[in-house]
Amino acid sequence: GITLALSSTSASWFGELRLSRYEGDTNYDGALFDPNTGNIVVSPYYATTRNSITELAGRPGLVITINEQARLKPHLEFGYHFWRRDLGFIEDYEHFWGGVGLIGQYRINSSSTLELEAMFGQTSEARIDVPDFALHAPLGSSSTYRLGLGLTQQRHDGLQLFGKADFRRFD
């Protein structure tokens, strides 16, 4: 996937807007049901599905400087998540979320910063849309968690390169 981000940081606060896009395959292990009756028609059902995820997120927060090398950044986070899954027919899932998080940053040297992040939140207005079966239904809300590890490299021309691995879960 790819993420484009705009961010601003001062001595005491920061703000960030992110647009992310991911594509790939998922191994599906579940069941198929008839949306008209609610009855399961194939179980178990195994398939590889093509997926795309688009996410828009923002987070304002504080900057707490521990020393010259370390900072903490408690923040609020909010966003919109859209997931399209192709099972031979299209399923669209979407939700909004909000949460609280903490980023810990440690400057390794003058051009490299290591980042560890944790976030806990709640989804809202989750829904599924399956046009081929005229299925449009709310899905409720759930908890969401994220842990991330990143590295920022500051180049001499002012450009920052950032790489990050996230583990994210929705309950």
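Student: How many bridges pair β7 with β8, and in which sense?

Tutor: Strands are DSSP runs of E of at least two residues, numbered from the N terminus, and two strands pair if DSSP finds at least two bridges between them. Here β7 and β8 pair in the antiparallel sense over 5 bridges. R127 has P138 in β8 as its bridge partner. The hairpin of β7 and β8 has 4 residues between the strands, and A134 takes a positive phi near 50° there. This is a predicted model, in which local features need pLDDT of at least 70 and side-chain atom pairs count only at pLDDT 80 or more, while totals for chains, interfaces and linings use all residues. Residues are numbered from 1 along each chain as its sequence is written, and side-chain values use heavy atoms, with hydrogens and water left out.

Student: Which strands pair with β2?

Tutor: Strand β1 (residues 2-9) pairs with strand β2 (residues 13-33) in the antiparallel sense over 8 bridges, and the two form a hairpin with 3 residues between them. Within that pairing, S8 has G15 as its bridge partner. β2 also pairs with strand β3 (residues 40-62), again antiparallel, over 20 bridges; T26 stands opposite T49 there.

Student: Which residues make up the largest nonpolar core?

Tutor: A nonpolar core is a set of buried Ala, Val, Leu, Ile, Met, Phe, Trp, Tyr and Cys residues joined through side-chain atoms within 4.5 Å. The largest one has 7 residues: L87, F89, Y93, I128, V130, L135 and A137. β7 and β8 (135-140) each supply at least two residues of this core. Not counting residues up to four places away in sequence, F89 touches V130, D132 and F133.

Student: How many salt bridges are there, and what does the pair E94 and R127 tie together?

Tutor: A salt bridge is a side-chain nitrogen of Lys or Arg within 4 Å of a carboxyl oxygen of Asp or Glu. By this rule the count comes to 16. E94 forms one with R127, their closest N and O atoms being 3.9 Å apart. E94 lies in strand β6 (residues 90-107) and R127 in strand β7, so the pair ties together parts 33 residues apart in sequence. E94 is partly exposed at 26% relative accessibility, and R127 is partly exposed at 31%.

Student: Are R146 and E117 buried or exposed?

Tutor: Both are buried. R146 forms a salt bridge with E117, with the closest N and O atoms 2.6 Å apart. This pair links distant parts of the chain, R146 in strand β9 and E117 in strand β7, 29 residues apart. R146 and E117 also belong to a network of salt bridges with E16, R18, R59, E77, K164 and D166.

Notes:
Buried means under 20% relative accessible area, exposed over 50%, partly exposed in between (1.4 Å probe, protein chains only). Contact means heavy atoms within 4.5 Å.
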